[in-house]
Amino acid sequence: MTGALFPGQGSEREGMLSVIREDFRKKYSLLAQQELNTQQGIYAVSASLWEDSKNRHRFTLMAGHSLGFYSALYAAGCIDFETGIYLIIAAHNAISEVSGNKKFGMTAIIGIKWDIIEDLCRGFSDIYVANINSATQVVVSGSAESLEAFEKKICEEGALKVLRLPTGFPLHTPFLEGTSELMKKAIQDINIRPPLIPIIDHTTSERLTTPEQLKETLTGQFTKRVVWRDVIKKMWQHGTRRFIEIGPRDVLSKITKWIERDAEVISLDR
């Protein structure tokens, strides 16, 4: 069985906008906001690659990594291309409003098991595990000031790589309580259709098959951690043996191999 994986922020690359299909270009140029070029660009590239590949493979499951959830919604037939752009803008506005002027950040850590990192987070009142991408590839999120001390501590613990990510928001943490209500208002008039292919929720690893489930994830995802390791394992349990990454670069392809070494992985951007 074949699963589709849609990447999120951090998968962008130079020149990726050239991949966008001609029929999407005008819509993209009319709707996209300048400050969200990266996020909307990843979505548009993923949607374009999906259109070029959807008839060449028989997909039985799909999943999107955070921002990639909007691409999954498009690919599953739940929304049209324009609605995906709108949702990304609405999410950015909600996150910005709730975050205010406080200084936040996110840091990726490679080489230390996630449960050890979580134990270290308990020593800080304003740092949380935001993404468990694999057993030893984790992202923490929280106060920018505390992140500096945390990064120093995690290096002392023997991390192979510590990288501050280019975002000033505390994504996937309790700091974003309040985004749920704002997103509920933003999507109240949007018609979200049942997925033609089940989507695995990136925050719970559960199968999403109804509009109600999809809306719950759309509105509540920013306060919940991304459990990508569990997502891949759930897809594997359901018989997925081939994983096709549909978006720029091959970040998820590499992570998938870390999680399930026997998996066949393909990146359409490679």
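Is the crossing of H3 and H8 left-handed or right-handed? In this predicted model, the crossing of those two helices is left-handed. Below you will also find the aromatic pairs, of which the structure holds nine, along with two arginines placed over rings and a buried glutamate.

**Helix packing**

- Two packed helices are described by the angle between their axes and the distance between the axes.
- For helix H3 (residues 68-75) and helix H8 (residues 211-220), the axes come within 11 Å and cross at roughly 160 degrees.
- Angles over 145 degrees count as roughly antiparallel, so H3 and H8 are roughly antiparallel to each other.
- On the H3 side, the contact is made by Phe69, Tyr70 and Leu73; H8 contributes Leu214, Thr217 and Leu218.

**Aromatic pairs**

- Among the nine aromatic pairs is a stacked one formed by Tyr43 and Phe81, with 5.3 Å from centre to centre and 25 degrees between the planes.
- Tyr43 belongs to helix H2 (residues 37-53) and Phe81 to helix H4 (residues 81-99), so this pair ties together parts that are 38 residues apart in sequence.
- Both Tyr43 and Phe81 are buried.
- Another pair, Phe124 with Phe150, is edge-to-face: the centres are 5.4 Å apart, and the planes make an angle of 70 degrees.
- Phe124 sits in the loop between helix H5 (114-121) and strand E4 (127-134), while Phe150 is in helix H6 (residues 144-156); the pair links distant parts of the chain, 26 residues apart.
- Phe150 has a relative accessible area of 1%; it counts as buried because that value is under 20%.

**An aromatic cluster and charges over rings**

- Tyr43 and Phe81 also belong to one aromatic cluster, together with Phe24 and Tyr74.
- Phe24, a member of that cluster, has Arg21 over its face, at 5.8 Å from the ring centre.

**A buried glutamate**

- Leaving aside residues up to four places away in sequence, Glu118 touches Val129 and Arg225.

How values were computed
Residues numbered from 1 in each chain as written. Predicted model: local features only at pLDDT ≥ 70, side-chain atom pairs only at ≥ 80, totals over all residues. Heavy atoms only, no water. Phe/Tyr/Trp six-rings, centres within 6.5 Å; stacked < 30°, edge-to-face > 60°. Helix = DSSP H or I, 4+ residues; strand = E, 2+ residues; numbered from the N terminus. Buried < 20%, exposed > 50% of the residue type's maximum accessible area, 1.4 Å probe, protein only. Lys NZ or Arg CZ within 6 Å of the ring centre and 35° of its normal. Contact = heavy atoms within 4.5 Å. Axes fitted to C-alpha atoms, helices over the stretch in contact; angles between N-to-C directions. Parallel < 35°, antiparallel > 145°, perpendicular 65-115°, else oblique. Left-handed = near helix turned anticlockwise from the far one by under 90°.
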